[in-house]
Amino acid sequence: MRMQRGRGRMERKRTEEQNPCEKRLRVCVATCNRADYSKLAPIMFGLKAHPDEFELEVVVLGSHLIDDYGNTFRMIEQDDFDIGSKLHTIVRGEDEAAMVESVGLALVKLPDVLQRLRPDILVVHGDRFDALALATAAALMNIRILHLEGGEVSGTIDDSIRHAISKLAHYHACCTRMAEQHLIAMCEDHSRILLAGCPSYDKLLSSHHREDYMDIIKSWLGDNVGEHDYIVALQHPVTTDIQQSIKIYGLMLDALISFNKRTLILFPNIDAGSKEMVRVMRKKGIEQHANFRAVKHIPFEQFIQLVCHAGCMIGNSSCGVREAGAFGTPVINLGTRQTGRETGENVLHVRDADTHNKIYHALELQFGKRYPCSKIYGDGSAVPRILKFLRTIDLDEPLQKTFCFPPVKDSISQDIDHILETQSALAVDLGGTNLRVAIICMRGNIVKKYTQSNPKTFEDRMQLLLKMCADATRDAVCLNCRILGVGVSTGGRVNPQEGVVLHSTKLIQEWSSVDLRTPISDALHLPVWVDNDGNCAALAEKKFGHGKGVENFVTVITGTGIGGGIIHQNELVHGSTFCAAELGHIMVSLDGPECSCGSSGCIESFASGMALQREAKRLHDEDLLKVEGMDMKLSESITAAHLINAARLGNSKADAVLNKASTALGVGIINILHIVNPSLVILSGVLASYYQVPVQRIISERALISAQSIKVVTSDLEEPALLGAASMVLDYATRRIY
């Protein structure tokens with residue numbers, strides 16, 4: 001097999017010499033351990049799949065070649081990759097001095113390999129001391145470096161090593177928007193930074209729904225273990241505080257023994273302190289304990305299944321704060337090793353502990369729970385982005401790096417479509433008549449919109465909603481949009497913390513006590529936010545409309561019904577039972593018309609589109625609506641528009657109805673001004689332009705002097721519900737607040 005690969009390499013070399021214009025990019029991928037190979041392997045497969053564009057060289061070093069750590073280079077060979085060089089670079093000792101000596105040994109051996117391979121670009125991953133040796137050697141030998149997962153923050157010496165590699169690297173493929181901003185703040189050239197996502201997500205999102213997952217669980221944990229009924233434990237030493245990490249490791253083992261659940265525990269990595277941690281594990285008899293299975297290495301494909309279906313994961317591995325979130329697996333993160341990492345809501349942190357009781361309590365809280373899937377670190381399309389990025393590298397450009405010192409450009413306004421996709425949201429407007437889905441970018445532009453009639457039954461409605469979202473997600477790839485999450489705007493009372501519609505409006509039947517977040521998140525593997533349509537209108541104004549930069553304002557929707565939202569001190573007001581800002585049901589009369597809420601005298605019963613339509617029909621039935629110059633067909637349905645048109649043409653009865661409606665709305669808004677004292681009132685909806693002038697007049701006449709000058713404006717937004725739904729995603733997904 002090796003002879004065949006060698007002949008193939010010679011043939012490729014002859015082909016290049018004969019066709020110099022078709023020269024391929026020679027990419028060297030260097031892998032140091034089982035963890036970085038899980039991130040590099042998808043890229044290696046991608047490069048191998050395009051032999052006409054890329055020539056792949058593989059270098060293996062570090063703990064891959066150590067028997068105590070599973071001789072994991074064999075899994076690279078099993079994946080049918082030709083390993084060009086194997087470098088034994090680890091000096092045993094598992095202490096600080098051994099790590100330094102290992103870096104030195106790697107620096108002694110690497111120049112010969114890199115000189116022989118002569119790669120155009122070296123791909124280096126992460127923050128290990130082996131990777132620092134690779135980047136140092138390549139930089140000094142004038143070889144371009146692509147660094148994966150730079151810009152991230154954690155709590156150990158890994159931070160310093162990671163940032164040092166970033167300064168040596170010429171190109172960067174990072175996983176999160178925050179990491180991208182960190183790289184820009186570190187003066188890296190933003191045109192050489194690719195927001196790709198984590199390559200391992202490409203594999204785990206496509207393969208974690210395997211039918212044989214129970215066979216994998218049983219092969220590692222035994223026949224009597226069920227799904228979500230076991231724990232995966234993986235704890236590494238913290239090299240800047242070895243004694244503390246050994247202490248918390250022992251407490252973790254004590255808590256796991258007391259918790260009495262089947263546990264799969266992996267040996268720690270080769271960092272300083274690992275030898276002492278293994279001694280602690282053996283002293284407690286973990287390898288002989290009936291509830292534990294201690295292993296040195298698990299193939300990544302099987303490890304994915306084990307993490308996905310675990311009842312909980314515990315330790316300080318980056319897998320807990322990165323990959324586990326994609327499955328909603330509960331995680332207990334111990335100690336400081338991952339401090340600063342972006343995490344989903346599935347992660348519970350135990351920073352320090354003096355006894356095992358705190359860790360045991362965390363196990364009680366987390367074990368067996370499931371969380372919404374989080375895609376903070378990737379969406380499954382990292383490899384295509386990285387290959388596209390590699391194709392843009394111009395080898396004729398000067399090799400010397402340049403740094404972009406402050407002021408730093410705002411990355412949102414950068415036009416680098418060949419590197420960075422448009423950050424976008426999937427917005428859903430669940431209306432009584434139509435179901436609408438839209439792809440909306442960071443600037444508030446609607447890239448594409450989908451509209452379907454809303455089915456009558458709950459099952460059909462959910463099925464159509466998921467189909468439209470899936471179609472939009474697929475289209476987003478072609479439209480160069482990266483979907484950060486899904487925002488849903490719906491009528492009725494909503495619990496946004498749980499993503500549940502508590503009580504729907506009459507327009508949407510069978511839509512009460514419905515969990516919208518879970519099925520959408522499970523189907524799309526995206527975070528999901530849900531809120532009331534009035535609140536969404538206020539959020540839309542806050543991000544894209546008149547409310548931008550205004551600390552306190554109120555949005556009032558004047559449409560079929562009356563609703564709205566209140567922004568107080570830059571935050572949306574939900575209330576203790578999520579019914580704040582039900583502005584349409586403020587009572588302005590003790591004996592007014594009956595309202596849809598069951599009460600009477602509400603603003604909605606006077607000023608809503610339904611109320612005006614009711615009065616228009618009454619006048620029409622009494623033959624008091626039509627006036628000279630008014631064009632009305634016999635078969636035409638009577639609407640609020642006929643009432644407004646009649647008043648404009650001089651119909652005194654219609655004008656009286658509208659004056660009463662305007663007064664009711666104005667008095668209701670005055671009540672709002674006297675309670676929350678906003679600095680601005682924004683009228684939205686189809687009736688906003690009609691009500692703006694009379695409401696402003698009523699405020700100036702009837703409000704307290706201190707509130708009379710508050711301005712009333714009409715919204716300029718054409719799609720407030722969709723834009724508000726998108727703003728939940730664009731604001732919160734980029735800040736990672738759940």
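Two strands pair if DSSP finds at least two bridges between them. Helices (H or I, at least four residues) and strands (E, at least two) are DSSP runs, numbered from the N terminus. This is a predicted model, in which local features need pLDDT of at least 70 and side-chain atom pairs count only at pLDDT 80 or more, while totals for chains, interfaces and linings use all residues. Residues are numbered from 1 along each chain as its sequence is written, and side-chain values use heavy atoms, with hydrogens and water left out.

**Exercise 1. The parallel sheet**

Step 1. Now widen the view. The open sheet has 6 strands in the order β10-β9-β8-β11-β12-β13, with parallel pairing. At its edges are β10 (292–295) and β13 (347–350), each of which pairs on one side only. On average, neighbouring strands here are turned by 20 degrees against each other, direction ignored. For such angles, axes are lines fitted to C-alpha atoms (for helices over the stretch in contact), and angles run from 0 to 180 degrees between N-to-C directions.

Step 2. Helix α14 (residues 357–366) lies across β8 (231–234), β11, β12 and β13, and runs at about 170 degrees to β13. Contact means heavy atoms within 4.5 Å.

**Exercise 2. A mixed sheet to compare**

Task: Work out the strand order of the sheet that holds β22 and β23.

Step 1. Here 5 strands form an open sheet in the order β24-β23-β22-β25-β26, and the pairing is mixed. Its edge strands, β24 (571–572) and β26 (711–714), each pair on one side only.

Step 2. Look at one pair: β22 (residues 553–558) and β23 (residues 562–568) are antiparallel over 6 bridges, and V556 stands opposite G564 in β23.

Step 3. Helix α22 (residues 652–676) lies across β22, β23 and β25 (680–684), at about 160 degrees to β22.

**Exercise 3. Strand β1 and helix α5**

Task: Decide whether the two faces of β1 are covered or open, then see what surrounds α5.

Step 1. Buried means under 20% relative accessible area, exposed over 50%, and partly exposed in between (1.4 Å probe, protein chains only). In a regular strand the side chains alternate between the two faces of the sheet.

Step 2. β1 runs parallel to β2 and is joined to it by 7 bridges; L25 has F54 as its bridge partner in β2.

Step 3. Turn to α5 (residues 129–140). This helix has 12 residues and reaches 17 Å from first C-alpha to last, close to the 16 Å expected at 1.5 Å a residue; the expected span is 1.5 Å times one less than the number of residues. Its buried residues pack against β1 (25–31), β2 (54–61), α4 (96–117), β4 (121–125), β5 (144–148) and α6 (157–168).

Step 4. Zoom in on D130, which sits in α5. D130 is buried yet has no salt bridge, and the nearest side chain of opposite charge, R128, is 4.5 Å away. Lys and Arg count as positive and Asp and Glu as negative, while His and the chain ends are not counted.

**Exercise 4. Salt bridges**

Task: Explain which parts of the chain the pair D127 and R341 ties together.

Step 1. A salt bridge is a side-chain nitrogen of Lys or Arg within 4 Å of a carboxyl oxygen of Asp or Glu. By this rule the model has 39 salt bridges.

Step 2. D127 and R341 meet in one of them, at 3.9 Å from N to O. D127 lies in the loop between β4 and α5 and R341 in the loop between β12 and β13, so the pair ties together parts that are 214 residues apart in sequence.

Step 3. Check burial: D127 is buried at 11% relative accessible area, and R341 is buried at 13%.

Step 4. For a contrast, take E77 and K86, whose closest N and O atoms are 3.1 Å apart in a salt bridge. E77 is partly exposed at 32%, and K86 is partly exposed at 34%.
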